[in-house]
Amino acid sequence: MTRTPIGRQRPPRLLELLDPAIHHALDRIPIQAGQRVLDIGAGTGELTTRLARLVGPSGNVRPSTATPATAHRQASSTSTNASLDADELPGEPGSFDVAVARWMHGALPDPNAVIRQIIDRLRPGGWLILADLTAYT
């Protein structure tokens with residue numbers, strides 16, 4: 001078992017088991033070259049790298065919680081790292097075409113506030129992909 005930043009246990013390889021659902025969702029929405037994408041909870045950057053390829057060099061992917069090694073791999077898109085610990089997510093209202101947030105709720109003290117910020121950052125007609133697991137006890 002691994003632990004989330006607030007100490008919850010997570011089974012090993014959980015992302016490997018659940019990432020196919022995110023990739024399926026990405027395949028179903030019209031992510032295009034030149035678009036702006038907000039990647040919340042970017043983690044290792046695997047998904048950020050895929051998003052950067054989809055939007056190409058004319059697009060922009062803004063990962064949050066990405067490490068410097070992750071940012072180095074994102075050569076096909078400009079990117080700026082941001083932290084979920086901050087009060088505000090990156091970007092202005094209506095500044096993103098797509099927002100992807102996955103497996104972040106266990107790491108946040110107030111996930112609803114972050115979701116409200118994500119929705120605020122989307123342009124009208126923008127897409128939100130939100131995925132998480134919650135253990136009820």
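Hi everyone, this protein has four helices and six strands, with helices (H or I, at least four residues) and strands (E, at least two) taken as DSSP runs numbered from the N terminus. This is a predicted model, in which local features need pLDDT of at least 70 and side-chain atom pairs count only at pLDDT 80 or more, while totals for chains, interfaces and linings use all residues. Residues are numbered from 1 along each chain as its sequence is written, and side-chain values use heavy atoms, leaving out hydrogens and water.

Starting at the N terminus, the order of elements is β-β-α-β-α-β-α-β-α-β. Of contacts with a separation of 6 or more, 61% join residues 24 or more positions apart; contact here means heavy atoms within 4.5 Å.

Now to the inside. Of the 137 residues, 44% are buried, where buried means under 20% relative accessible area, exposed over 50%, and partly exposed in between (1.4 Å probe, protein chains only). In soluble globular proteins, nonpolar side chains tend to be buried together. A nonpolar core is a set of buried Ala, Val, Leu, Ile, Met, Phe, Trp, Tyr and Cys residues joined through side-chain atoms within 4.5 Å.

Which residues of the largest core touch the most other members? They are Leu 26, Ile 31, Leu 51 and Val 100, out of 14 residues. Helix H1 (14-28), H2, strand E5 (96-102) and E6 each give this core at least two residues, and H2 has the largest share, with four. There is also a second, separate core of nine residues, including Leu 38, Ile 40, Ala 99 and Ile 118.

Back to Leu 51: leaving aside residues up to four places away in sequence, Leu 51 touches Leu 26, Ile 31, Val 37, Asp 39, Val 61 and Val 100. Asp 39 has a polar partner too: its side chain makes a polar contact with that of Thr 48 at 2.3 Å. A polar contact is a pair of N or O atoms within 3.5 Å; within protein, one must be able to donate a hydrogen and the other to accept it, and residues adjacent in sequence count only if both atoms are side-chain atoms. Thr 48 sits in helix H2 (residues 46-55) and is buried, at 0% relative accessible area.

Leu 128, in strand E6 (residues 122-131), is partly exposed, at 30%. Thanks, everyone!
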